[in-house]
Amino acid sequence: MNPLLLTDGYKVDHRRQYPEGTTLVYSNWTPRKSRIENIEEVVFFGLQYFIKKYILEDFDNYFFKQPKEKVIKEYNRRINNYLGENQVGTAHIEALHDLGYIPMVFKALPEGISVPMRVPMFTMYNTKAEFFWLTNYFETLLSAVIWMPCTSATIAKQYRKVLDKFAIETSSIPEFVDWQGHDFSMRGMSGIESGVCSSSGHLLSFTGTDTIPAIDFLEKYYNANSDNELIGGSVAATEHSVMCMGTTEGELETFRRLICEVYPKGILSIVSDTWDLWKVLTDYLPKLKQEIINREGKVVIRPDSGDPIDIICGNPKGKTTEEKKGVIELLWDCFGGTTNAKGFKELIPQIGAIYGDSITIERATQICERLKEKGIASTNVVLGIGSFTYQYNTRDTFGFAMKATYGEVNGDGREIFKDPITDDGTKKSAKGLMKIEIENGKYKLVDQVNWDDEQNGELDEVFRDGKLLIDQTLAEIRKRIK
């Protein structure tokens, strides 16, 4: 599709609505408000993908390299059929096609850093006067693409903080946290692009993922290389259809065949609540104990139903002994392990657990807290983070918005802003040209500056006039996020 049609309908005629003589529009992208408790900074991630995919690839393939007559005919047909006969015109579209590149500047903070609320992550403006209309024309496409990777990267970082905290307090292997948060979200996301962008944001803080295309995404758009670095990985794992096909009566044999024959070594995750999780833990596993202990690798027990906190940690009010103890304590009863130098129990390396359904930051915190109270290290369990975490968000989760704050009309600069009297202050914008400074280790907005000051500060040009100027790597971004 012609990327100029990837926009809200009202955008197409704003060109004629600006004052006569407008030659420049300067805008920014900013998180304005957090709706998630304990998160007051947002991870910046996704602009490089947007520039490479849409500004360079799509405009090149579906606009500039297409015959001008074809592009103009299609654009004219779409707009006229959509708005009716109107005066939008196509001369400005023809002029852009003749130019052959997007005449814009993007200035941005480094991807992977955390930005306080109301501090812009990047700014953008046109470099040729006749294309002033392009700046905010991009608002819809930019917003649709970028809010998701920023949001998911931020939430993943919060999980990482929680899991790091408890691993440092209770575990002898805090580095295991790289794998402790595992992305299971792809099937529940709103589409493939949102799933891949979200999962790539997850991989800034973790290495565990079941979203294979996120690895390709990071190789293509963020200079990663899975031949010489760990981008993301997973393990062999069953699903309910596999267990069901072995029949209820044959479930023990299914476990035995998987553990001893199909996967005689390596990590194997087995979904264990197809019928009776407690029977698996107190009957099947004791019968297979020696095979599991002698095996080179780890068998991971995966419950997928019930309250995650109670299933993993046990519920003192449970009706049965198994319900009161929970998965980790039952695994300890069967296999044992060691008590580390910090005084917490760690299962033998050949057995573990993962819970992959309906995990939230709050539940992850409670699971770690309950395990700590029981004297059990937090790294005995892996938590699957799915669409319950990553899809239950919108652009308003962190109040993202792109707003114009400066323009030039007939050579005169105009500081512009919005401040609705009916709003609570969330929608009040910055004003004029801006720069970002670092004060006490945090990014700070300074607005209403002149062009000389705008050239300084922490915002660097990453794109100008059809050329990507800074090409960041996954490794650099991961280093920043930590």
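Tutor: A search of the whole structure finds 28 aromatic pairs. This is a predicted model, in which local features need pLDDT of at least 70 and side-chain atom pairs count only at pLDDT 80 or more, while totals for chains, interfaces and linings use all residues. Residues are numbered from 1 along each chain as its sequence is written, and side-chain values use heavy atoms, without hydrogens and water.

Student: Why is the aromatic pair of tyrosine 26 and tyrosine 125 called stacked?

Tutor: Rings of Phe, Tyr and Trp (its six-membered ring) pair if their centres lie within 6.5 Å; planes under 30 degrees apart count as stacked, over 60 as edge-to-face and the rest as tilted. Here the centres are 5.7 Å apart and the planes make 25°, so the pair is stacked.

Student: What makes this pair a tie between parts 99 residues apart in sequence?

Tutor: Tyrosine 26 lies in strand 1 (residues 22-31) and tyrosine 125 in strand 5 (residues 122-126), so the pair ties those parts together. Strands (E, at least two residues) are DSSP runs, numbered from the N terminus.

Student: Are tyrosine 26 and tyrosine 125 buried or exposed?

Tutor: Both are buried, that is, under 20% relative accessible area, where exposed means over 50% and partly exposed in between (1.4 Å probe, protein chains only).

Student: How do you know that the charge of lysine 165 sits over the ring of phenylalanine 166?

Tutor: The term requires NZ of Lys or CZ of Arg within 6 Å of the ring centre and within 35 degrees of the ring normal. The charged end of lysine 165 is 4.2 Å from the centre. Lysine 53 likewise lies over the face of tyrosine 54, at 4.6 Å from the ring centre.

Terms used: Helix = DSSP H or I, 4+ residues; strand = E, 2+ residues; numbered from the N terminus.
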